[in-house]
Amino acid sequence: MEFELLGPKGKWSLLSLVGGDFPYVEQGFLEPKKLLYDVTDLPTKIFFIKDTYPGNDNTTDNTEIVLEFKGEAFYDQFGKMVPAGNHYRVKFQKFFQPVEWQVQFYSLDTSVHNPIATNVLFSPLEKKVPFKTEKANKLDYAWWGGIKAGDVQHKQFITVAEGMSNIPKGVYEISVTWDDAVRVYIDDKLVIDEWNPSLYKFDESLNKRLRLSLDGNHRFRVEHLELGGFAALSLKIKPVE
(Lines give C-alpha, C1' and ligand atoms only; values in the text may rest on other atoms or scores of the structure.)
Protein backbone atom coordinates (compact mmCIF):
# COMPACT_ATOMS: atom_id res chain seq x y z
CA MET A 1 0.00 0.00 0.00
CA GLU A 2 1.20 3.51 -0.78
CA PHE A 3 0.20 6.67 1.10
CA GLU A 4 1.02 10.26 0.27
CA LEU A 5 2.02 12.29 3.32
CA LEU A 6 0.89 15.93 3.22
CA GLY A 7 1.25 18.75 5.72
CA PRO A 8 3.58 21.39 7.17
CA LYS A 9 7.13 20.92 8.42
CA GLY A 10 7.48 18.91 11.61
CA LYS A 11 8.35 15.57 13.15
CA TRP A 12 6.39 12.35 12.63
CA SER A 13 6.32 9.21 14.77
CA LEU A 14 4.69 5.82 14.33
CA LEU A 15 2.47 5.00 17.34
CA SER A 16 0.99 1.67 16.30
CA LEU A 17 0.77 -0.70 13.40
CA VAL A 18 -1.51 -3.68 12.72
CA GLY A 19 -1.73 -5.99 9.75
CA GLY A 20 1.62 -5.76 8.02
CA ASP A 21 5.30 -4.94 7.99
CA PHE A 22 6.68 -1.61 9.19
CA PRO A 23 6.18 1.06 6.57
CA TYR A 24 9.08 3.00 5.14
CA VAL A 25 9.30 6.43 3.61
CA GLU A 26 11.24 7.81 0.68
CA GLN A 27 13.89 9.28 3.03
CA GLY A 28 14.23 6.30 5.40
CA PHE A 29 12.54 3.71 7.61
CA LEU A 30 9.90 4.39 10.25
CA GLU A 31 10.61 2.95 13.70
CA PRO A 32 7.71 2.21 16.07
CA LYS A 33 7.19 4.70 18.90
CA LYS A 34 10.31 6.65 17.92
CA LEU A 35 10.80 10.08 16.46
CA LEU A 36 11.19 9.85 12.73
CA TYR A 37 12.77 12.82 11.03
CA ASP A 38 12.28 16.49 10.20
CA VAL A 39 10.01 16.74 7.20
CA THR A 40 11.55 19.30 4.89
CA ASP A 41 10.20 18.23 1.53
CA LEU A 42 6.48 17.48 1.22
CA PRO A 43 4.65 15.66 -0.13
CA THR A 44 6.44 12.40 0.59
CA LYS A 45 5.27 8.78 0.49
CA ILE A 46 4.82 5.98 3.02
CA PHE A 47 4.95 2.37 1.82
CA PHE A 48 3.28 -0.49 3.70
CA ILE A 49 3.41 -4.24 3.05
CA LYS A 50 0.22 -6.02 4.14
CA ASP A 51 0.04 -9.45 5.75
CA THR A 52 -3.04 -10.52 3.78
CA TYR A 53 -4.30 -9.97 0.28
CA PRO A 54 -8.12 -10.13 0.05
CA GLY A 55 -9.21 -11.87 -3.11
CA ASN A 56 -6.33 -14.35 -2.95
CA ASP A 57 -7.56 -16.04 0.23
CA ASN A 58 -10.39 -15.90 2.77
CA THR A 59 -8.45 -14.52 5.74
CA THR A 60 -9.43 -11.46 7.72
CA ASP A 61 -7.92 -8.20 6.50
CA ASN A 62 -7.27 -5.94 9.50
CA THR A 63 -5.01 -2.99 8.75
CA GLU A 64 -4.38 0.00 11.01
CA ILE A 65 -1.62 2.62 10.94
CA VAL A 66 -1.50 5.40 13.57
CA LEU A 67 0.95 8.28 13.10
CA GLU A 68 1.52 11.35 15.23
CA PHE A 69 2.63 14.77 14.01
CA LYS A 70 4.26 17.61 15.99
CA GLY A 71 5.38 20.73 14.18
CA GLU A 72 4.14 23.93 12.60
CA ALA A 73 0.59 25.22 13.09
CA PHE A 74 -1.99 24.13 10.51
CA TYR A 75 -5.72 23.82 9.85
CA ASP A 76 -7.13 20.29 9.96
CA GLN A 77 -9.71 18.85 7.54
CA PHE A 78 -12.54 20.41 9.58
CA GLY A 79 -11.04 23.93 9.43
CA LYS A 80 -9.90 23.85 13.06
CA MET A 81 -6.57 25.49 13.90
CA VAL A 82 -4.00 23.10 15.41
CA PRO A 83 -1.40 25.21 17.27
CA ALA A 84 2.31 24.74 16.65
CA GLY A 85 3.87 22.06 18.85
CA ASN A 86 0.60 20.18 19.49
CA HIS A 87 0.51 16.40 19.07
CA TYR A 88 -1.86 15.48 16.24
CA ARG A 89 -2.81 11.89 15.38
CA VAL A 90 -3.57 10.58 11.92
CA LYS A 91 -5.06 7.10 11.53
CA PHE A 92 -5.73 4.85 8.56
CA GLN A 93 -7.90 1.79 9.21
CA LYS A 94 -9.34 -0.89 6.94
CA PHE A 95 -11.14 -4.03 8.05
CA PHE A 96 -12.63 -6.71 5.84
CA GLN A 97 -14.09 -9.95 7.16
CA PRO A 98 -14.74 -12.32 4.24
CA VAL A 99 -17.65 -14.75 4.35
CA GLU A 100 -17.74 -17.72 1.97
CA TRP A 101 -21.17 -16.95 0.51
CA GLN A 102 -23.29 -19.15 -1.72
CA VAL A 103 -25.85 -16.76 -3.23
CA GLN A 104 -29.00 -17.97 -4.98
CA PHE A 105 -31.61 -15.88 -6.78
CA TYR A 106 -35.20 -17.06 -7.27
CA SER A 107 -38.01 -15.63 -9.37
CA LEU A 108 -40.92 -14.03 -7.52
CA ASP A 109 -44.48 -13.20 -8.54
CA THR A 110 -46.33 -11.61 -5.62
CA SER A 111 -49.67 -12.11 -7.40
CA VAL A 112 -49.12 -15.86 -6.96
CA HIS A 113 -47.29 -15.87 -3.62
CA ASN A 114 -46.44 -12.87 -1.44
CA PRO A 115 -43.79 -13.68 1.22
CA ILE A 116 -44.56 -10.39 3.00
CA ALA A 117 -48.23 -11.29 3.50
CA THR A 118 -47.69 -14.99 4.29
CA ASN A 119 -44.43 -14.57 6.24
CA VAL A 120 -43.21 -17.65 4.35
CA LEU A 121 -40.31 -17.33 1.92
CA PHE A 122 -41.51 -19.94 -0.58
CA SER A 123 -45.02 -21.18 -1.29
CA PRO A 124 -45.55 -24.86 -0.37
CA LEU A 125 -47.43 -25.19 -3.70
CA GLU A 126 -44.37 -24.24 -5.76
CA LYS A 127 -41.09 -26.00 -6.39
CA LYS A 128 -38.52 -23.28 -6.84
CA VAL A 129 -35.09 -23.58 -8.44
CA PRO A 130 -32.73 -20.60 -8.59
CA PHE A 131 -32.42 -18.82 -11.92
CA LYS A 132 -28.93 -17.70 -10.90
CA THR A 133 -26.28 -18.95 -8.44
CA GLU A 134 -22.93 -17.44 -7.57
CA LYS A 135 -20.15 -17.52 -4.98
CA ALA A 136 -18.77 -14.42 -3.28
CA ASN A 137 -16.71 -13.39 -0.26
CA LYS A 138 -18.95 -10.37 0.42
CA LEU A 139 -22.55 -9.24 -0.06
CA ASP A 140 -22.60 -5.87 -1.76
CA TYR A 141 -25.29 -5.62 -4.43
CA ALA A 142 -27.30 -2.91 -6.13
CA TRP A 143 -29.72 -3.50 -9.01
CA TRP A 144 -31.80 -1.21 -11.20
CA GLY A 145 -34.88 -2.74 -12.76
CA GLY A 146 -34.19 -6.27 -11.55
CA ILE A 147 -31.83 -9.07 -12.59
CA LYS A 148 -31.56 -10.34 -16.15
CA ALA A 149 -30.99 -14.07 -16.64
CA GLY A 150 -31.00 -15.23 -20.24
CA ASP A 151 -33.85 -13.44 -22.00
CA VAL A 152 -35.86 -12.89 -18.79
CA GLN A 153 -35.73 -9.71 -16.71
CA HIS A 154 -36.69 -10.58 -13.11
CA LYS A 155 -38.11 -7.36 -11.68
CA GLN A 156 -39.23 -9.17 -8.54
CA PHE A 157 -36.95 -11.78 -6.98
CA ILE A 158 -35.81 -13.55 -3.83
CA THR A 159 -32.17 -13.65 -2.70
CA VAL A 160 -30.95 -16.37 -0.34
CA ALA A 161 -27.31 -16.09 0.75
CA GLU A 162 -25.68 -18.65 3.07
CA GLY A 163 -22.11 -18.58 4.24
CA MET A 164 -19.46 -19.48 6.80
CA SER A 165 -16.69 -17.36 8.26
CA ASN A 166 -13.94 -17.85 10.84
CA ILE A 167 -13.96 -14.60 12.83
CA PRO A 168 -11.32 -13.51 15.36
CA LYS A 169 -12.68 -13.15 18.89
CA GLY A 170 -14.15 -9.70 19.54
CA VAL A 171 -17.17 -7.42 19.51
CA TYR A 172 -18.42 -6.61 16.02
CA GLU A 173 -20.94 -4.37 14.33
CA ILE A 174 -23.14 -6.14 11.79
CA SER A 175 -24.51 -3.66 9.27
CA VAL A 176 -27.12 -4.53 6.66
CA THR A 177 -28.49 -2.29 3.88
CA TRP A 178 -31.51 -3.42 1.90
CA ASP A 179 -34.45 -2.67 -0.35
CA ASP A 180 -37.27 -3.99 -0.03
CA ALA A 181 -37.17 -6.57 2.83
CA VAL A 182 -34.49 -8.57 4.63
CA ARG A 183 -33.89 -11.13 7.35
CA VAL A 184 -30.46 -11.99 8.79
CA TYR A 185 -29.67 -15.17 10.74
CA ILE A 186 -26.42 -15.93 12.55
CA ASP A 187 -25.95 -19.52 13.74
CA ASP A 188 -29.64 -20.17 12.95
CA LYS A 189 -30.76 -17.30 15.20
CA LEU A 190 -32.81 -14.46 13.68
CA VAL A 191 -30.92 -11.26 14.55
CA ILE A 192 -32.40 -8.77 12.05
CA ASP A 193 -36.03 -8.96 10.96
CA GLU A 194 -37.10 -6.24 8.51
CA TRP A 195 -39.89 -8.01 6.67
CA ASN A 196 -42.47 -5.22 6.42
CA PRO A 197 -41.56 -2.64 3.76
CA SER A 198 -44.80 -0.72 4.37
CA LEU A 199 -43.19 0.69 7.53
CA TYR A 200 -40.73 2.71 5.44
CA LYS A 201 -40.64 5.15 2.58
CA PHE A 202 -37.94 3.96 0.22
CA ASP A 203 -36.42 7.29 -0.77
CA GLU A 204 -33.10 5.56 -0.11
CA SER A 205 -31.93 2.14 0.97
CA LEU A 206 -32.41 1.40 4.65
CA ASN A 207 -29.66 0.40 7.04
CA LYS A 208 -29.70 -1.37 10.38
CA ARG A 209 -26.82 -2.16 12.73
CA LEU A 210 -26.33 -4.36 15.76
CA ARG A 211 -23.42 -5.36 17.97
CA LEU A 212 -22.51 -8.97 18.68
CA SER A 213 -19.68 -10.87 20.33
CA LEU A 214 -18.26 -13.33 17.81
CA ASP A 215 -15.48 -15.91 18.06
CA GLY A 216 -14.49 -18.63 15.61
CA ASN A 217 -16.67 -20.23 12.93
CA HIS A 218 -20.15 -18.78 12.42
CA ARG A 219 -22.96 -19.53 9.97
CA PHE A 220 -24.77 -16.69 8.20
CA ARG A 221 -28.02 -16.70 6.27
CA VAL A 222 -29.60 -13.70 4.57
CA GLU A 223 -33.08 -13.70 3.02
CA HIS A 224 -33.91 -10.73 0.80
CA LEU A 225 -36.96 -9.69 -1.25
CA GLU A 226 -37.13 -7.30 -4.16
CA LEU A 227 -40.65 -6.18 -5.10
CA GLY A 228 -39.77 -3.96 -8.08
CA GLY A 229 -37.76 -0.85 -8.91
CA PHE A 230 -34.39 -0.23 -7.28
CA ALA A 231 -32.92 -3.10 -5.24
CA ALA A 232 -30.04 -3.28 -2.78
CA LEU A 233 -28.45 -5.83 -0.47
CA SER A 234 -25.25 -5.27 1.48
CA LEU A 235 -23.89 -6.84 4.66
CA LYS A 236 -20.72 -5.66 6.40
CA ILE A 237 -18.86 -6.80 9.52
CA LYS A 238 -16.42 -4.57 11.38
CA PRO A 239 -14.87 -4.58 14.87
CA VAL A 240 -16.15 -2.17 17.50
CA GLU A 241 -13.41 0.13 18.74
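Me: Are Tyr141 and Trp143 buried or exposed?
Reply: Buried means under 20% relative accessible area, exposed over 50%, and partly exposed in between, with a 1.4 Å probe and protein chains only. Both Tyr141 and Trp143 are buried. This is a predicted model, in which local features need pLDDT of at least 70, side-chain atom pairs count only at pLDDT 80 or more, and totals for chains, interfaces and linings use all residues. Residues are numbered from 1 along each chain as its sequence is written, and side-chain values use heavy atoms, with hydrogens and water left out.

Me: How many aromatic pairs are there?
Reply: Rings of Phe, Tyr and Trp (its six-membered ring) pair if their centres lie within 6.5 Å; planes under 30 degrees apart count as stacked, over 60 as edge-to-face and the rest as tilted. The count here is 13 aromatic pairs. In one of them, Phe3 and Phe92, the ring centres are 4.8 Å apart and the planes stand at 65°, so the pair is edge-to-face.

Me: Which parts of the chain does that pair link?
Reply: Strands (E, at least two residues) are DSSP runs, numbered from the N terminus. Phe3 lies in strand S1 (residues 2–5) and Phe92 in strand S10 (residues 88–96), so distant parts of the chain, 89 residues apart, are linked. Phe92 is partly exposed, with a relative accessible area of 26%.

Me: What kind of aromatic pair do Tyr141 and Trp143 form?
Reply: The pair is stacked, at 5.0 Å centre to centre with 10° between the planes. Ring pairs also link Tyr141 and Trp143 with Phe105, Phe131 and Phe157 into a cluster.

Me: Where does the charged end of Arg183 sit?
Reply: A charge sits over a ring if NZ of Lys or CZ of Arg is within 6 Å of the ring centre and within 35 degrees of the ring normal. The charged end of Arg183 sits over the ring of Trp195, 4.0 Å from its centre.

Me: Which residues are the closest to the centre of the largest pocket?
Reply: On a 1 Å grid over the protein atoms alone, a pocket is an open set of points where a 1.4 Å probe fits, with protein on both sides within 12 Å along at least five of seven lines; lining residues have an atom within 4 Å of a point. The largest pocket holds about 360 Å³ of space. Of its 17 lining residues, Glu4, Leu5, Leu6, Trp12 and Val90 are the closest to the centre. S10 gives the most to this lining, with 4 residues.

Conventions:
Points joined across faces, edges and corners; volume = space filled by probe spheres on them.
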